[in-house]
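Reader: Please take a close look at one strand and its surroundings, and describe the neighbouring parts in a connected account. Which features deserve attention there?

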Amino acid sequence: MTKNGILCVVNEKRVFLDPKKTDATGINFVSHAHSDHLPSKNGGTILSSLETNEIANLRGFKMENHIETLENFSLIDSGHILGSKGLLFDDIFYTGDICTRKRGFLQCAKIPKCKTLITECTFGLPEFVFPKTDKIQKQVNELISELYGKGIPVILMGYKLGKAQTITRLFGHWEPLYFHDSVKEMNSLHQKLGISLKDGIGHSEAEKNGLLDKKPWIMVAPLMSAKNKFIQDMKSKYGAITIGFSGWAQSSRFSFGRRTDYSITMSDHCDFNELVDLVIQSEAEQVYTIHGFVDEFAEYLKKIGINAQPLLENSLDDFI
Ligand SMILES: [Zn+2]
Ligand SMILES: [Zn+2]
């Protein structure tokens, strides 16, 4: 682990995993297009999926020298967002951000066998157990139905890239369907990349044409604080109710629940049990944990007889 992300040296090749700045002479793997995984500067060769490259472009990151395939490197679906991949090379598997639970158009991640596993553990505490998607669908459809019965408009909120498209897929059958403009833009790119999502009108256009006055309606919007002007407007003008979707929703130690009227536990990451299953399936001899509860998750793995340790920043800086 270096200040610039994870570096693996394999047969004298330098492989950087989700580096902050790409390395001019190395191979730079970008697992997916969430901004904390995108490099801020170009240089060297960038290995990532076509979808990651396209979404990165939309977000203002121009990834030069981009390639989608490379001999001896396999990009493996990680089920986190559209185009997200893990990387298998030289018996090392790096998960990137990963989810092994099917949600809408996102399929479960594939877990290859490997000797060394580098896994994220965002939700690496036993208290994080997430419901299956069909249970969430049932619960949320009932809630929307109840609010619709009272003529109340509903705003479904989730992270703009990933969650918002899954929400659109799962609940886009409610009509009339509107989108926050930023979600509409991201959904359009997903449609262009072959994902079928229901169309809807952006919020500026809907408001301009007086469509929001005709209640109830449903809108998909990014996660915003209750203090955000957009949310305050939607509440004061139309009496809208907000439903937030996040993996943090169920946990009492985080304040997520207070941001929306209702909060639903839905995540684009593995929960604790899925992380443990993933590690077992990989049959890895050595596990390194990154992101989230790295110490706690590595401790747990050791207790069940798996060699594990957190990857700590700077621990390999001497080597570069
Ligand atoms: Zn991510
Ligand atoms: Zn991430």
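Author: Strands (E, at least two residues) and helices (H or I, at least four) are DSSP runs numbered from the N terminus. The model is predicted, so local features require pLDDT of at least 70 and side-chain atom pairs count only at pLDDT 80 or more, whereas totals for chains, interfaces and linings use all residues. Residues are numbered from 1 along each chain as its sequence is written, chains are lettered from A and ligands numbered from 1 in the order in which they are written, and side-chain values use heavy atoms, with hydrogens and water left out.

The strand belongs to an open sheet of six strands, in the order β6-β7-β8-β9-β16-β17 and with mixed pairing. The edges are taken by β6 (74-77) and β17 (308-310); each has a single partner strand, so one side of each is left without a neighbour in the sheet. Direction ignored, neighbouring strands of this sheet are turned by 25° against each other on average; axes are lines fitted to C-alpha atoms, for helices over the stretch in contact, and angles run from 0 to 180 degrees between N-to-C directions.

Helix α7 (residues 272-282) packs on this sheet and touches both β9 (116-121) and β16, its direction making about 170° with that of β9. Contact is taken as heavy atoms within 4.5 Å.

The strand pairings can be followed on both sides of β9. Two strands pair if DSSP finds at least two bridges between them. With β8, β9 pairs in the parallel sense over three bridges, and I92 has T116 as its bridge partner in β9. With β16, β9 also runs parallel, and six bridges join the two; here the bridge partner of T116 is Q286. Beyond that, β16 (residues 286-292) pairs with β17 in the parallel sense over three bridges, with T289 standing opposite P310.

The zinc ion (ligand 1) is coordinated by H32 (NE2), H34 (ND1), H80 (NE2) and D97 (OD), at 2.1 to 2.3 Å. Donors are N, O and S atoms within 2.8 Å of the metal (3.2 Å for Na, K and Ca); water is not among the atoms, so sites may look incomplete. Along the chain, these donors follow the spacing H-x1-H-x45-H-x16-D. The angles among the four donor atoms are 90 to 169°, and the site is irregular. Four donors count as tetrahedral if all angles lie between 85 and 135 degrees; four count as square planar and six as octahedral if opposite donors are over 155 degrees apart and all others between 65 and 115; anything else is irregular.

The zinc ion (ligand 1) and the zinc ion (ligand 2) are 3.4 Å apart, and D97 coordinates both. H34 lies in the loop between β3 (27-29) and β4 (45-47), and D97 in the loop between β8 (92-94) and β9, so the pair ties together parts that are 63 residues apart in sequence. The zinc ion (ligand 2) has H37 (NE2) and D97 (OD) as its protein donors, lying 2.1 Å from it. This pair also links distant parts of the chain, with H37 in the loop between β3 and β4 and D97 in the loop between β8 and β9, 60 residues apart. H34 is buried; H37 counts as buried at 2% relative accessibility, and D97 is buried with a relative accessible area of 6%.

Aromatic side chains complete the account. A search of the whole structure finds 14 aromatic pairs. Rings of Phe, Tyr and Trp (its six-membered ring) pair if their centres lie within 6.5 Å; planes under 30 degrees apart count as stacked, over 60 as edge-to-face and the rest as tilted. F123 and F130 form an edge-to-face pair, 5.0 Å centre to centre and with 80° between the planes, and both are buried. For F272 and F297, the ring centres are 5.9 Å apart and the planes stand at 85°, so this pair is edge-to-face. F272 in helix α7 and F297 in helix α8 (residues 294-303) are 25 residues apart, and the pair links distant parts of the chain. Both F272 and F297 are buried. One aromatic cluster is formed by F123, F128, F130, W248 and F293.

Technical notes:
Buried means under 20% relative accessible area, exposed over 50%, partly exposed in between (1.4 Å probe, protein chains only).
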